[in-house]
Amino acid sequence: MSITKDLGFCFRVLNQIKSIKIKSLGDQPFCSEMETEEELVAAAKQIMKALETKKNLMDDAKKILSNLGMQLCDINRENEQKDEGVKENDGLNEIVQQLDLIQDKVLSWERDQAIIWDCGPEEAYEYLKAVDEARKLTESLERLSLNNGSEDTTLLRRAHDVLQMAMARLEEEFKHLLVQNRQPFELEHMSFRSSEDDIMEAGSVISSGDDSLEDVVQRDSMSQGLEEYIIELVHPDVIPDLKSIANLMFDSNYGQECTQAFISVQKDALDDCIYILEVENLSIEDVLRMEWNTLNSKIRRWIRAMKIFVRVYLASENLLSKKIFGDLESVSSVCFVESSKTALLQLLNFGEAIAIGPHQPEKLIRILDMYEVLADLIPDINTSYSDDTGSCVRIEWQDILRRLGDCAKATSLEFENAVASNVSTNPFPGGGVHHLTRYVMNYIMTLADYQETLDVILKDHEREDPISFSPDMSPVSEEESIEGSSLVSPMARHFQSLVVILECNLNDKSKLYKDDSLQQLFLMNNIHYMAEKVKGSKLRTVLGDGWIRKHYWKFQQHAMNYERATWSSILSLLKDEGIQNPGSSSISRTVLKERLQSFYLAFEEVYKKQTGWSIPDSQLRDDLRISTSVKVIQAYRTFVGRHIIRISERHVKYTADDLEDRLLDLFEGSQKSLHGGHKK
């Protein structure tokens, strides 16, 4: 009973305390509060003492104890809520004060139009510090949530406005730092700049002249020094500031604004780079309408610009992105790709225009140059655009490379057709080296430098007419073809086909000459030129020594055929057959005189014609003169020496030395006539 009595007393005291606390909230003092609490403590001690001796309680007692516990919990909860409310009110007051200070700082810079970073590092540091505090305050207000009360929502909105204002200012400062601290991109400081840059060609890459190859691009020189050539696009002193701004903007959930600022500024910088590299933004239609001389110059610039742009500028741009956004996972990659891909795709667009243009043979060298540049730069592109973000660039790069390869292949085959269909209606003057021969041999001699590339491009090509033909249109045997033809490269097979087509064409052109001697001289000149070109260049390893031996034999045969056609009938006049008197073994003086005069007339006619014929190669010209002179002078000396007693000296028009001197005038390409008699 005593426990129940004490419990009843406890309930009455608790109700009093509760009433007192409620009234206290209304600011009415109750001095008896402490006495009531002391009575409650005394009653509670009595209950505790009774419970120590009383182990079994009745249901009513248990229920009363349970209710007592619940009331005590309610009182504790009310006290805790009151304490928290006091603390939160104190915290809000502190936040408001701090926000006021930050807002004043931000607004002071908004009123001042000066660039913060131009005012010195201390001002920049203070501003960053204030903005970071604004970020932290905003996060604190968001966490508090304050039961979504109107006052609390207003404060949070105010904090967001201050932060947004600061972020907009930081974005402008970020752009300003990038633009004002951009380092100049100066080509003249780069060791790989060539004097060829300023040369404007007047014709094709390959011409018919022997000096045409000096125009070929020095392909290796463009690569030298590029691999490790990284430049500072932005002054290194401001990189820490740019990085601090970027990190703060990302921490404040303004990362997209920061990356867009970087991308927009660097896009303009890349456009400036392309301008410095003298590459115009041309449409495909502009390229297709362009004259070859102009287009040739632009291709040369494109080739040079592409290597510099990728290996120098893009590599430097990628490094800049990593320096600024390196702490932000994949952000640097996105910024680099988005800022650079427009300019790079512009350059590739020019390659696409070339690839879809007409397959003109004079373009082949330049197309191969473009193909090799793209192929050489694949590792650089794969490194710079390695993740999914850059996959569009990698795909487009490979597509343009494939198109240029297809274009080069089609142009190579078109060149074969052009050689085969080159028809002449008039014989080539003087029987010299035809311009088609020079063009084709210089062409393939230059192409030999592209063996690896051509082997890749032509590897799947097989001619529909695999049988080779010699100049007389008879099939060439397997032994006469390139040594080890089953193992030859695609380029070697293509060259073999080209020279066979050229020889067939030359054979047809030789038939335009009415004079058989000039036919043979023409073929001798052209085949000798082909053999010498192969012997003295990389073509020797492509076509082989067997091909050279065969063509040496060919031009020597044509030289002998020339001598036979020109001099056989003339030298027959100096033979003793038919000079006897009819019905007698005595020699007829009349016949001797007639023979000698006929010889002089024939010799003078040969001199008149063949001084106008041409053998451009000096060694070949001397060799043929010597060979001819040996035969002619020996026959003349023998004839005159044997019959001089029967021929009056006045009938001997030329001495052997005179004739020998005249033979030295042959094949100079300038027609002459003989006047007067012999020298004494």
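In which handedness of crossing does α7 pass α9? The crossing is right-handed; that term applies when the near helix is turned clockwise from the far one by less than a right angle, and left-handed applies when it is turned anticlockwise. This is a predicted model, where local features need pLDDT of at least 70, side-chain atom pairs count only at pLDDT 80 or more, and totals for chains, interfaces and linings use all residues. Residues are numbered from 1 along each chain as its sequence is written, and side-chain values use heavy atoms, without hydrogens and water.

**Helix α7 with helix α9**

- The axes of α7 (residues 255-276) and α9 (residues 292-325) come within 12 Å and cross at roughly 160°.
- Helices here are DSSP runs (H or I, at least four residues), numbered from the N terminus.
- Axes are lines fitted to C-alpha atoms over the stretch in contact, with angles from 0 to 180 degrees between N-to-C directions.
- The two helices, α7 and α9, are therefore roughly antiparallel (over 145 degrees; under 35 is roughly parallel).
- On the α7 side, the residues that meet α9 include Phe262, Leu270 and Ile274; contact means heavy atoms within 4.5 Å.
- On the α9 side, they include Phe309, Tyr313 and Glu317.
- By class, this contact of α7 with α9 has twelve nonpolar, two polar and one charged residues.
- Nonpolar covers Ala, Val, Leu, Ile, Met, Phe, Trp, Tyr, Cys and Pro; charged covers Asp, Glu, Lys and Arg; the others, Gly among them, are polar.

**Helix α20 with helix α22**

- Axes of α20 (residues 589-610) and α22 (residues 656-663) come within 11 Å and cross at roughly 25°.
- That makes α20 and α22 roughly parallel to each other.
- The crossing of α20 past α22 is left-handed.
- Phe599, Phe603 and Tyr607 in α20 meet Leu659, Arg662 and Leu663 in α22.
- Five residues of the contact of α20 with α22 are nonpolar, none polar and one charged.

**Single residues**

- Met167 lies in helix α5 (residues 150-180).
- Met167 is buried, at a relative accessible area of 1% (buried is under 20%, exposed over 50%, partly exposed in between; 1.4 Å probe, protein chains only).
- Beyond its neighbours within four places in sequence, Met167 is in contact with Val131, Leu248, Met249, Ser252 and Tyr254.
- Gln451 lies in helix α15 (residues 451-458).
- Gln451 is partly exposed, at 29% relative accessible area.
- Gln451 and Ala492 are 41 residues apart in sequence and 8.6 Å apart in space, C-alpha to C-alpha.

**Helix α16**

- Of the 21 residues in α16, 18 are buried.

Conventions:
Angles under 35 degrees count as roughly parallel, over 145 as roughly antiparallel, 65 to 115 as roughly perpendicular and the rest as oblique.
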